[in-house]
Amino acid sequence: MRLTPFALSILPLIFVTSWSSAFAEIGVSAKPPTDAEVLLDGSREKLDQKWTYWKGPRFSSSLPIKWKIVEDPVDTGTVVMTDDPAAAGGKYGTADIVTKKKYRDFRLHVEFLVMKPGGNSGVYLQNRYEIQVLDGDKTKHGMGAVINRTESPYHAYNGTGKWNAYDITFRAARFKDGKLVEKPLVSMYFNGKKVHENVTINKVWGGPNSGLDGGNNNGFGITDTPGGIKLQCEGHDVRYRNVWIKELDLKTADTDFRE
């Protein structure tokens, strides 16, 4: 087939449109691309369909998932509340939920609302690498940080009682002949503001109670296996809605993206 000059002129536009559709819009209420998978929409049906408990060493809850479906305190509709008796007192790893499906490279959108000061949860990429949700903490262990790797981008946080959004592009670790040759990378927008760009993740923090590979060589023993998206339950009232994911295949070590 021979392309006309006009067809040739719009090829770059077609390519850009196709590529950018993987990223969609960013920020609170961002809508998923048509080819994205919706993981949470505030319904019990979606929660039970897409998620289960992560049965790590400290797991002490039981199916069905005990997290509650409650009214959105800001907008209309319902949302998911991280309320599980097993995690009372901050016992992480006892009642965390993880997607049934496992992922490698992806674009992820997560909206969360912290109801009270000091509210604590976390978003785990591949059930390994935590993007912190912790009100009041501006350190490397604080809100929006790639945990223990970057400072908290606290300036982008909307505060308690308001919805917040993480927009994340993640590239999984690469292996050759069973050996790690490229570390995982992550870029992130927080409420529409770019806060992380191609951050290298060196290890899994928190030990075996935190996620996959946490107990391997002090968290440095990352394995070549995909993992689910995990949401942490620490006995605090943190709520989630509008969680969606788009699988990617990032050939080069670059996770930077635009709206």
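1. In which sense do S4 and strand S15 pair, and over how many bridges? S4 and strand S15 (residues 238-248) are antiparallel and share 2 bridges; strands here are DSSP runs of E of at least two residues, numbered from the N terminus, and two strands pair if DSSP finds at least two bridges between them. Val80 has Tyr240 as its bridge partner in S15.

2. On the basis of these notes: the model is predicted, local features need pLDDT of at least 70, side-chain atom pairs count only at pLDDT 80 or more, and totals for chains, interfaces and linings use all residues. Residues are numbered from 1 along each chain as its sequence is written, and side-chain values use heavy atoms, with hydrogens and water left out.

3. Strand S3 (residues 68-71) is joined to strand S4 (residues 78-81) by 4 bridges, and the two run antiparallel. Ile69 stands opposite Val80 in S4. S3 and S4 form a hairpin with 6 residues between them, and in the turn Gly77 has a positive phi of about 95 degrees.

4. The largest nonpolar core holds 48 residues, and Leu108, Phe112, Val123, Leu125 and Tyr166 touch the most other members. Strand S6 (residues 105-114) gives the most to this core, with 5 residues. Apart from it lies another core, of 5 residues, including Val70, Val79, Met81 and Leu113. A nonpolar core is a set of buried Ala, Val, Leu, Ile, Met, Phe, Trp, Tyr and Cys residues joined through side-chain atoms within 4.5 Å, where buried means under 20% relative accessible area with a 1.4 Å probe, protein chains only.

5. Leu108 has contacts (heavy atoms within 4.5 Å) with Val123, Leu125, Tyr166, Asp167, Ile168, Ile229, Val243, Trp244 and Ile245, leaving aside residues up to four places away in sequence.

6. The count comes to 1 cavity of 30 Å³ or more, and the largest cavity has a volume of about 40 Å³. On a 1 Å grid over the protein atoms alone, a cavity is a set of points where a 1.4 Å probe fits but cannot get out, and lining residues have an atom within 4 Å of a point; grid points are joined across faces, edges and corners, and a volume is the space filled by probe spheres set on the points. Among the residues lining the largest cavity are Arg104, Arg128, Phe175 and Asp224.

7. The second largest pocket has a volume of about 170 Å³; a pocket is an open set with protein on both sides within 12 Å along at least five of seven lines. Of its 15 lining residues, Tyr124, Glu130, His141, Ile147 and Gln232 lie nearest its centre. S8 gives the most to this lining, with 3 residues.

Conventions
Buried < 20%, exposed > 50% of the residue type's maximum accessible area, 1.4 Å probe, protein only.
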